[in-house]
Amino acid sequence: MNTIAERIYDFLKGFPPFSMLIADDLLSICKSIEVHYIEKDNFLFKANEPVKDKFYVVKDGDIGLFTATNDLIDECDEGDIFGLRALMRQGIYLLSAKAIEESIVYSISSTLFENYIASNTEASKYLMSNLVSNYRKTNDDIQEHHFLGIPNNTGPVIQDFLEEQTADYSKNPITCSPENSIKEAAILMTEKRVGSVIITQKNKPLGIITDKDIRTKIATGLFSIDENVTKIMTSPVITFPKNITVAEAQIAMLKHRITHLCITKDGTVNSELTGILSEHDIIVIREHNASVLIKEVKRSKSIEDLKQIRLRAQNLLKRYIEQQIPITFASKIITAINNSITNKIIENAIKSMGNAPPTTFSWLAIGSQGREEQLLLTDQDNALVFDDVPKPELKKAKDYFLTLSKKITQDLNTVGFEFCPANMMASNPKWCLSVSEWKQQFKRWITSPDQDNLMLCTIFFDFEPAFGNNDLVDKMSEGIFESISYHQIFLNHLGVNALKNPPPLSFFRQFLVEQSGEHKDQFDIKARAMMPLVDAARLLILSNNVKAHNNTVLRYEKLIELEPQNKELYNDCLLAFKNLLRFRTEQGLKHQDSGRFIDLKSLSKANRLELKNCFKAIKEIQELILVRFNLSQFL
Amino acid sequence: MLWFKKRDYPDFWNTYSNHFKNKQDTNIETIRFVVFDTETTGLNIKEDRILSIGAVGITEHTIKISDSFECYLSQDVFKNDSVKIHGILKEGNHPKIEEKEAVKLFLNYIKNSVLIAHHTAFDIAMINASLKRMGLPKLKNRALDLGYLYKKTDLDRSTKSHFSLDDLAKLFNIPQHDRHTASGDAYITALLFLKVLSQLKLQKKITLHELESPISKVGLL
């Protein structure tokens, strides 16, 4: 009988790994726990002191872990564990534990740990992944694996690397030379039982013939079987280096509407062919629902069909999230499906206009859709750009595209992409412009960056052509960079804008929740966590004068390439963004909403830890921006 | 007359008493404190009885949950009124032991530790009353009073002379799940003691003697 132990039990059972223990074991731990009170600025242990035979759990307060040079490495609050790594490593403490606020801390002896926690598979797995993700910069992991008796190749961390998994491909591609006849190629394909043959010259891939070519070009009588293979081959081929990931392969196939990719030594058409990756290979790796959906979009006969496909895409997304498929892969697939639906709608709308467009145009996804970061079914954000026409014809052209846009947005609405409440749609005359008009508009925003114009920049600078002419989009990009080059001060304004939302410092204290309105006391994950990372990436990529990188993850990858000295920080931002995107998508699917507002009480400890790491990345990137753009004078 | 009777005392008392034979350690960094609380049928030391005792040990500024004590006493005198406050029914769920057994176990647990409670004088008087009924002398332990210690800190700027445990828990931000169970109160008192002690240490180096309240101030409530 021990009332105090029971109270400690009630507290600990809410936090992993204690929540994973069986009740009797946890109670045994609680009966032998020690309770420490640490006054603000006092130390629980100091770096270089011999490691004590225990680890710690914060009950109340805030314990900071500092290096010997007094740099804050981590902050621990309610339910956080520290000192476990040191306990496993033995020797001396590498970090000091100091109370940032007065704190009550429980300590648990190594004997209790070994008897009740390390012996529990679930709990030790949790601790391992938790310690690995929190302290990935140190080298102690192997010892921990050993200590916990878990083989190195298991644990929840592995799944995070699925995205980097390379696609298995056929390493003995069937080839023929350009001198061969079509008949010879067909015989070869039949003998080897393959659906494709690569035409190579000096081992470099020239082109490809597939079953489909035989069907559409030979069986129809267009070419004789005695003709040369070069007559019917598709050329050039799409090539990749051997470390192509499953995600990349699937995207490339969707994008180019092809079923085979050539693998070459250096990934270009000018190097030696080493293998072939077919759609079938991808299917073997993954279920191919996404490509099925895209095919169905192409075959669809009505808006109602498209609506059904969009709903199925939502289910597909749900499964991706449940199966822990990497979020960037999921978002690429969903974007591809959404784009194909949009394309289908635009094609139909053009047909229904009766006459062809007066000039070339491009349909743009903007904002989060332009960045390909919108997984949930939200309202549509789009714009339209058309090529310059002689002045007398401008009005007529604009009328045409506005009418077209109205049809398109109407159909998108029917499919499930609801009208944008702020009317940021191509059907709005403000966002249906010629190339020159867009450039003018961008210039105006850049030269007079008031609050409204900055807001528009953050939406319209992130555009991605969903349909139509890419040259127009390139011209728009050029316009932005040209205007910025004459008005560098714009970047400082954009910088101030990027710092508008500082991250919450710690989870329980100063965790910024909405003060009023419908979402009072909820946390706005979009404005407070995702947008700071998005804004920072956009600013840095613009200041580096890099075009054609609209996606936040791609932007950080590019930044890592451009500024290797900041690799660690950009990588943290990239991971943070991926986690937040996944998190928001999970929340959105769970609550059938945008996932934007989160009830803090509903978060698990693991979620909290994850979010906390994200905030650290935001804090650091904002500090970098503050210094780089010399913004202290602006704030 | 007491020395004359000494050999008639039960073994447990002699064992307890022997702990005080040698010179006592007074270093507050190393000695063992026992923070305790008694729940009683009322506030009259002669008529009321102890319902339960809860206690937890502190050494080196650390509360050791493994070094804790809890017991519930069976009652001959039982007042219904106090059930409302303490939630301890005469035939409650907890296994009960007789007063004699409880006191014996308690002495065996506290040994020569420095006792701490909130309004220590009352709790000690209740134990002493039990001892008296058993024909035994009073407790020999040194004792500190949380209320008195708090008044010694810089934190107390009020003119208030009396602080309830609830007041102090609020002042120091301690959640009060278990008010009115002896163990719960003892634990809260222990946390408060650690907080107050660290406040006092901020001011200057302190000795055990300085922590003790002057006899004159040990009123009953």
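How many salt bridges does the rule count over all chains? The count comes to 22, where a salt bridge is a side-chain nitrogen of Lys or Arg within 4 Å of a carboxyl oxygen of Asp or Glu.

Before I turn to individual pairs, some conventions. This is a predicted model, in which local features need pLDDT of at least 70 and side-chain atom pairs count only at pLDDT 80 or more, while totals for chains, interfaces and linings use all residues. Residues are numbered from 1 along each chain as its sequence is written, chains are lettered from A and ligands numbered from 1 in the order in which they are written, and side-chain values use heavy atoms, with hydrogens and water left out.

Let me begin with chain B. Chain B contains nine helices and six strands; helices (H or I, at least four residues) and strands (E, at least two) are DSSP runs, numbered from the N terminus. Of its 221 residues, 52% count as buried. Buried here means under 20% relative accessible area, exposed means over 50%, and partly exposed lies in between, with a 1.4 Å probe and protein chains only. The accessible surface of chain B is about 11,500 Å², and carbon and sulfur atoms hold 52% of that surface; the areas come from the Shrake-Rupley method with a 1.4 Å probe, and for residues only the protein chains shown count as cover. Among contacts in chain B with a separation of 6 or more, 68% are between residues 24 or more positions apart, a contact being heavy atoms within 4.5 Å.

One salt bridge within chain B deserves attention. Arg133(B) pairs with Glu99(B), with the closest N and O atoms 2.6 Å apart. Arg133(B) belongs to helix H5 (residues 120-133) and Glu99(B) to helix H4 (residues 99-110), so this pair links distant parts of the chain, 34 residues apart. Arg133(B) is partly exposed at 35% relative accessible area, whereas Glu99(B) is buried at 19%.

I now move to the interface. The size of an interface is often given as the accessible area lost when the parts come together. Between chain B and chain A, the buried area is about 1,800 Å², with 58% given by carbon and sulfur atoms; this is the accessible area (1.4 Å probe) that two parts lose on being put together, summed over both. In terms of residues, 25 of chain B are in contact with 20 of chain A.

Which residue of chain B forms a salt bridge with Glu102(A)? The partner is Lys195(B), and the closest N and O atoms are 3.4 Å apart. On the side of chain B that touches chain A, strand E3 (62-73) and helix H8 (182-203) each supply at least two residues. That side divides into eleven nonpolar, ten polar and four charged residues. Here Ala, Val, Leu, Ile, Met, Phe, Trp, Tyr, Cys and Pro count as nonpolar, Asp, Glu, Lys and Arg as charged, and the others, Gly among them, as polar.

Chain A has salt bridges of its own. Lys217(A) and Asp213(A) meet at 3.1 Å, N to O. Both residues lie in helix H8 (residues 211-218) of chain A, four residues apart, about one turn of the helix. Lys217(A) is partly exposed at 21% relative accessibility, and Asp213(A) is buried at 8%.

A second pair spans a longer stretch of sequence. Arg628(A) and Glu563(A) form a salt bridge whose closest N and O atoms are 2.8 Å apart. Arg628(A) is in helix H24 (residues 605-628) and Glu563(A) in the loop between helix H22 (552-562) and helix H23 (567-591), so the pair ties together parts of chain A that are 65 residues apart in sequence. Arg628(A) is partly exposed at 35%, while Glu563(A) is buried at 5%.

Finally, helix H14 (residues 327-353) of chain A holds Ile341(A), which is buried at 0% relative accessibility. Beyond its neighbours within four places in sequence, Ile341(A) is in contact with residues including Val297(A), Leu306(A) and Phe417(A). Thr335(A) is also found in helix H14, and its side chain reaches the backbone oxygen of Ser331(A) at 2.6 Å.

Technical notes: Polar contact = N/O pair within 3.5 Å; in protein donor to acceptor, adjacent residues only side chain to side chain.
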